[in-house]
Amino acid sequence: EGGGMAVLSTGVVSVVAALTSGLPGMIATPLAAPTAILAVMAAQIAAQMAGEEGVFLTVSVAIALASFLTGSFLFSLGMFRGGDAIRFIPYPVVGGFMAGTGWLLVDGFFQVTSDQPLTWAALPALGAAWPYWSVGLLFTAILLGLSERFKHYLVMPGTLLALIVLFYGWLWVNEIPIETARGAGWLLGPFPAGGLWQPVGLGALGGVDWGAIAPQTGSMITVALVSLLSLVLSNSGIELVVGRDLNLNTELRSMGLASLIAGFGSGMVGNQALPSTLLVHNIGGHSRLTGAIAALPCLAVLALGSGFLAYFPKPVLGSLLLYLGLTLLYKWLIQSWAILPTMDYLTVVAMVVAINLFGFLQGIAVGFILSVLLFMYHYSHVDVAKEVLSGATTRSNVERSGAELAQLKAQGDRIFILELQGFLFFGTANYLLKQVKQRLGDGEPLQFIVLDFRQVTGVDASAVLSCRKIRTLAQQQQITLVFTNLAPVFRAQLEQGGAIPPQENYCSLDAGGSCQFFDDIDRGLEWCENLLLAANLGIEADFPTILMEKFLPPEQVATFCTYLEPVTLAAGERVYGYGEAVGDDGAMADRLYFVASGRVSVLLELPDGKTKRLQTVTQGNLLGEMRFYGKPPLSNAVVAEVETQLYGLSQARFQQMQQAHPALARQLEGYIVRILCDSLTRREQQLRVMR
């Protein structure tokens with residue numbers, strides 16, 4: 001009965017897969033791993049019902065229920081596009097799965113031809129059975145040679161047919177009767193006569209022992225999960241074989257529907273058959289009829305019985321298994337040596353060994369574990385600090401005077417900047433702590449440590465502990481920690497782990513050290529720079545003095561000022577905004593502005609409604625030089641941060657200056673050119689530092 005169930009399942013899932021799979025020529029059968037679990041489940045039910053009637057009926061219904069559960073699970077995943085989230089399998093695991101399948105096929109060759117497994121213990125028996133498997137080796141060599149020499153879809157089936165004829169020709173020449181050959185183990189069988197399929201009718205359900213089925217719920221769930229894993233791995237392997245992507249959601253629906261239909265006939269769950277699909281691909285059978293034709297022998301066995309299979313030569317069937325097995329082993333144990341990195345290749349080898357020693361599922365588990373460990377090892381060697389910078393070379397977007405720039409260059413090393421990246425976990429968090437300790441140990445004065453979280457994707461408990469240790473070091477050495485781009489979820493994790501003070505104490509001194517928080521690294525750097533420049537901040541010169549320091553001789557200052565128009569802005573008021581300028585006459589934004597006092601920020605308005613500061617201009621700097629020369633601005637708005645005094649030069653007044661005082665106009669143009677050159681030089685330096 002079990003054989004009939006397997007034959008029925010193979011026929012049903014083959015036809016359904018052929019009609020519904022996304023790959024023409026897809027072959028599907030019940031796989032070994034789910035079938036083994038079903039066998040254990042059947043044995044447990046039989047043991048529980050020992051001596052009772054209806055054992056076969058109960059086992060059949062349990063297997064059908066497992067098929068229903070698995071089919072519903074796979075079909076639902078496909079319908080709700082669950083395949084998009086689970087389709088990605090590490091490449092070495094797929095390779096190990098393929099190579100392990102090849103090894104099992106080689107082992108199957110020896111079991112079919114000599115009835116002995118390929119194990120150390122069975123080597124003496126295999127040696128004694130050498131006539132059987134040596135003929136299979138000869139047939140395999142013929143199969144490999146012809147399939148490599150002639151690329152046509154009829155070569156493989158034609159060769160197999162020719163080998164059968166050759167085998168029976170050998171029997172005829174040597175006058176060996178068929179029954180003698182069967183008795184000597186050269187033919188398949190024996191098989192029971194008559195039909196094999198015995199479906200369970202609705203009327204028979206009353207004889208089912210449901211109490212024996214209930215404890216097997218866990219086994220049924222295991223069948224569903226193992227079938228899912230097998231499908232994902234097989235699908236990835238088939239993609240590599242055929243060289244095209246398959247929609248996993250389509251395959252989930254296909255295999256789910258196949259298992260559901262098989263369940264109605266008391267059949268077992270089905271799945272993609274990697275070796276058979278590989279064979280179809282090799283012979284060029286890329287048609288949906290291929291799967292339907294593959295189901296014909298199953299239907300014939302169900303209708304006519306299995307007696308005719310007893311005439312199939314074992315060496316021919318074994319040669320087909322060995323051909324497929326050697327093809328997979330050559331690709332994944334020989335060719336992959338030159339393709340895969342060493343550790344990935346060793347993962348493939350380890351999976352093959354584990355599959356041979358412990359079993360298929362255990363070997364796959366070994367592959368996943370090794371892949372995870374390798375990922376953790378490699379990722380832990382990626383420096384979590386994408387950039388390690390100094391305030392001497394990396395500055396905020398605030399325009400500074402020459403004296404301020406000189407001071408920042410001299411004292412900027414007091415600002416230590418770490419731009420973090422990726423997932424901060426136990427494998428990478430220690431690198432962060434080492435970077436800080438290394439900087440503290442070089443003997444140079446340090447006042448600020450800036451930790452930027454803009455490119456951080458996650459934080460685990462070990463990373464929180466490392467940040468807590470950094471905070472302790474900062475407290476001991478009177479260093480301020482500056483956190484920038486710290487997302488609320490990361491802030492909550494750090495606060496909970498004691499890496500930062502509670503929210504109500506964010507701005508208070510904490511045992512000599514302090515923690516500060518800013519929305520972006522630009523604002524954080526500005527805050528640090530302002531503290532370094534604190535001795536000079538707040539001292540503002542008058543406007544004529546500023547002009548003399550920047551570009552004008554003293555005798556030209558008074559004349560130059562006659563062309564300027566004073567403009568006073570309140571905090572938050574726009575200087576430029578969408579082409580308009582603030583001014584009493586409401587003129588368009590064709591003016592050049594000198595900042596006499598206050599602060600003005602150049603902002604880029606982002607699609608999400610937020611703004612990014614491109615530049616902050618303080619006393620003595622220019623605004624709108626690009627607009628003044630008719631070039632489109634890079635920003636959306638220029639806004640006064642505090643009450644600001646500006647002096648504006650319009651295009652009309654500049655033209656008058658060019659006519660009346662051409663030397664004065666050239667002085668101004670030369671100053672603008674120097675500003676633009678200095679800006680380009682500064683941006684180039686920043687790119688060099690942050691490359």
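User: What makes E12 and E13 a hairpin?

Analyst: In this predicted model, strand E12 (residues 600-605) and strand E13 (residues 611-617) pair in the antiparallel sense, with five residues between them. Pairing needs at least two bridges, and E12 and E13 have six bridges, so they count as paired. One of those bridges joins Ser601 to Thr616 in E13. In the turn, Gly609 has a positive phi of about 95°.

User: What else does E12 pair with, and over how many bridges?

Analyst: Four bridges join E12 to E15, and the two run antiparallel. Val602 stands opposite Val638 in E15.

User: How do you know that both faces of strand E15 are covered?

Analyst: Side chains in a regular strand alternate between the two faces of the sheet. In strand E15 (residues 637-640), Ala637 and Val639 are on one side, Val638 and Ala640 are on the other, and all are buried. Buried means under 20% relative accessible area.

User: Why are E8 and E14 called edge strands?

Analyst: Four strands form an open sheet in the order E8-E16-E11-E14, with antiparallel pairing. Strand E8 (565-569) and strand E14 (622-623) each pair on one side only. For E14, the partner is strand E11 (residues 592-597), over two bridges; pairing asks for at least two, so E11 and E14 qualify. Phe594 stands opposite Leu622 in E14.

User: What makes the contact between Arg591 and Glu565 a salt bridge?

Analyst: The N to O distance between the side chains of Arg591 and Glu565 is 2.7 Å, and the cut-off is within 4 Å, so the pair counts as a salt bridge. This pair links distant parts of the chain: Arg591 is in the loop between strand E10 (580-581) and E11, Glu565 is in strand E8, and they are 26 residues apart.

User: Is Arg591 buried or exposed, and what about Glu565?

Analyst: Arg591 counts as buried because its relative accessibility is 3%, under the 20% limit. Glu565, at 27%, counts as partly exposed, since that class lies between 20% and 50%.

User: Which parts of the chain does the salt bridge between Arg599 and Glu641 tie together?

Analyst: The closest N and O atoms of Arg599 and Glu641 are 3.0 Å apart. Arg599 lies in the loop between E11 and E12, and Glu641 in the loop between E15 and strand E16 (644-649), so the pair ties together parts 42 residues apart in sequence. Glu641 has a relative accessible area of 29%, so it is partly exposed. Arg599 and Glu641 also belong to one network with Asp522, Arg523, Glu526 and Arg613, joined by salt bridges that share partners.

User: How do you know that Arg439 and Asp442 fall in separate accessibility classes?

Analyst: Arg439 has 9% relative accessibility, so it counts as buried. Asp442 has 41%, so it counts as partly exposed. Their side chains meet in a salt bridge of 2.8 Å, N to O. By this rule the count comes to 11 salt bridges.

User: Which residues touch the most other members of the largest nonpolar core?

Analyst: Met98, Met156, Ile238 and Leu279 do, in a core of 58 residues. Helix H5 (residues 91-114) gives the largest share of this core, 10 residues. Leaving aside residues up to four places away in sequence, Met156 touches Leu143, Ser147, Leu279, Ile283, Leu320 and Tyr323. Another core of 33 residues lies apart from it, including Leu433, Ile449, Ala463 and Leu486.

User: Why can Leu205 be part of a surface patch?

Analyst: Leu205 has 32% relative accessibility and counts as partly exposed; patch residues need over 30%, so Leu205 passes. Together, Leu65, Leu205 and Trp210 make a nonpolar surface patch of about 250 Å². Leu205 is found in the loop between helix H9 (178-183) and helix H10 (210-213).

User: What do the totals for the protein chain come to?

Analyst: The protein chain has 27 helices and 16 strands. Of its 691 residues, 47% count as buried. The chain exposes about 32,800 Å², with carbon and sulfur atoms supplying 63% of it.

Notes:
Residues numbered from 1 in each chain as written. Predicted model: local features only at pLDDT ≥ 70, side-chain atom pairs only at ≥ 80, totals over all residues. Heavy atoms only, no water. Core = buried A, V, L, I, M, F, W, Y, C linked by side-chain atoms within 4.5 Å. Buried < 20%, exposed > 50% of the residue type's maximum accessible area, 1.4 Å probe, protein only. Contact = heavy atoms within 4.5 Å. Patch = residues over 30% accessible without salt bridge, like charges linked within 9 Å, V, L, I, M, F, W, Y side chains within 5 Å. Areas by Shrake-Rupley, 256 points an atom, 1.4 Å probe, with all protein chains shown as cover.
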